[in-house]
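Here is a short report on one protein chain. Keep the viewer open while reading.

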Amino acid sequence: MKLTLAASLLSAACAFTPAPTATRSSGSALDMARKPFISGNWKLNPSSKEEATQLASEIANAVLPTSPDADVALFVPYVFIDAAKEAVGGKIEIGAEAVCPEEAGAFTGAISASMVQSMGVQWSLAGHSERRVLFGESDEYINGQCLKLIEKGMSVMLCIGESEAEYDQDLAGAVCAVQLKKGLAGVTKEQMLSSVAIAYEPVWAIGTGKVATPEVAQSVHATCRSILADIFDQETADATRILYGGSVSPDSVDELMAQPDIDGALVGGASLDSSKFSRIINFEVA
């Protein structure tokens, strides 16, 4: 089966903090409590402040007393942060899609961690595949983002994942190991526990409608947790939330969330449809 991850690959290779409200098995002898985390990434959407306000409001209304005990966040374009925060009324977290690792200076078009923090933002993405591929962000640059966000007392969701060519060559484990080790260079155990989540997004599944089967996604998540244990220790690995991203939909979310090492979802296209994202927020696990 693709993504059979041998031990050799492993060797090659907050506003929200882990809370003891939803016990999830890590597959090790020690079960840790990892609170589910459902998040949406709006990317370059929607086209106006009015649309953003309406969408954020509709999504916030989907968080009900009967909803799963999960953290919910939206990562939105910078220009919509204030409008989205006002629209959700504190019911969900509003985050940034990326930050510049520089604090200030001659960096036209850049947005710093301090800037978004001053708007009440606590979370930011780093390392999304579109930033890596389209904007040429290197592992070193992404590591700079992670370190700057943590330095500012903020939290970061580090995105990792393999391309379709790498997937076809069974290199998912090796690619994730490199991206984790380089992206988290200089991050301490204490910072991991308080300020970092991981999002595994197979590039071949982003925006394509393709979704890794729950079994394949679980296999890679388990591998990522093993890599984290190698970088830090088993306690840190067991406590770190690892989200799945890649065309997550109302039809796929329940099976994905039933997997022991999948702790949430980073949702792209479906987060732009309030009815679809509402269903994902209100996932059901037997």
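## Model

This is a predicted model. Residue numbers start from 1 along the chain as its sequence is written.

## Largest pocket

The largest pocket holds about 410 Å³ of space. Its lining counts 21 residues, and the closest to the pocket centre are Tyr78, Glu97, Ala98, Arg131 and Phe135. Helix α5, residues 129–134, gives the most to this lining, with three residues.

By class, the lining has 13 nonpolar residues, three polar ones and five charged ones.

## Second largest pocket

About 180 Å³ of space lies in the second largest pocket. Its lining is made of 18 residues. Nearest the centre are Gly207, Ser247, Val248, Gly268 and Gly269.

The class make-up here is six nonpolar, nine polar and three charged residues.

## Aromatic pairs

The structure holds three aromatic pairs. One of them joins Phe37 and Trp123 in an edge-to-face arrangement. The ring centres are 5.2 Å apart, with 75° between the planes. This pair links distant parts of the chain, 86 residues apart. Phe37 sits in strand β3 (residues 37–41), and Trp123 sits in strand β6 (residues 123–126). Both Phe37 and Trp123 are buried.

Tyr200 and Tyr244 also pair, with ring centres 6.2 Å apart. Their planes meet at 50°, so the pair is tilted. This link, too, joins distant parts of the chain: Tyr200 is in strand β8 (residues 196–200), Tyr244 is in strand β9, and 44 residues separate them. Both tyrosines, Tyr200 and Tyr244, are buried.

Where does Gly264 lie? Its place is in strand β10, residues 264–267. Gly264 has a relative accessible area of 2%, so it counts as buried.

Leaving out residues up to four places away in sequence, Gly264 touches Phe37, Ile38, Ile242, Leu243, Tyr244 and Met257. Ile242 is 22 residues from Gly264 in sequence. In space, the C-alpha atoms of Gly264 and Ile242 are 6.9 Å apart.

## Thr240

Thr240 lies in the loop between α11 (234–239) and β9 (242–245).

Which residues does Thr240 contact, leaving aside neighbours within four places in sequence? The list is Arg34, Met192, Val196, Ile198, Arg225, Leu228 and Asp263.

## Helix α6

Helix α6 runs over residues 139–151, which makes 13 residues. Does its length fall in line with expectation, or what span should be found? At 1.5 Å a residue, α6 should span 18 Å. Its end C-alpha atoms are 18 Å apart, so the two values agree.

The buried residues of α6 are Asp139, Ile142, Asn143, Gln145, Cys146, Lys148, Leu149 and Ile150. Just after α6, Gly153 takes a positive phi of about 80°.

## Backbone details

Asn45 and Pro46 are joined by a cis peptide bond, with omega about -15°. Pro46 is in the loop between β3 and α2 (49–60).

Two residues have a positive phi although neither is a glycine: Asp170 and Ser247. For Asp170, phi is about 55°. Asp170 lies in the loop between α7 (164–168) and α8 (172–183). Its relative accessibility is 30%, so Asp170 counts as partly exposed.

For Ser247, phi is about 60°. Ser247 lies in the loop between β9 and α12 (253–257). With a relative accessible area of 21%, Ser247 is partly exposed.

Key: Predicted model: local features only at pLDDT ≥ 70, side-chain atom pairs only at ≥ 80, totals over all residues. Heavy atoms only, no water. Helix = DSSP H or I, 4+ residues; strand = E, 2+ residues; numbered from the N terminus. Expected span 1.5 Å × (residues − 1). Buried < 20%, exposed > 50% of the residue type's maximum accessible area, 1.4 Å probe, protein only. Contact = heavy atoms within 4.5 Å. 1 Å grid on protein atoms, 1.4 Å probe; cavity = no way out; pocket = protein on both sides within 12 Å on 5 of 7 lines; lining within 4 Å. Points joined across faces, edges and corners; volume = space filled by probe spheres on them. Nonpolar A, V, L, I, M, F, W, Y, C, P; charged D, E, K, R; others polar. Phe/Tyr/Trp six-rings, centres within 6.5 Å; stacked < 30°, edge-to-face > 60°.
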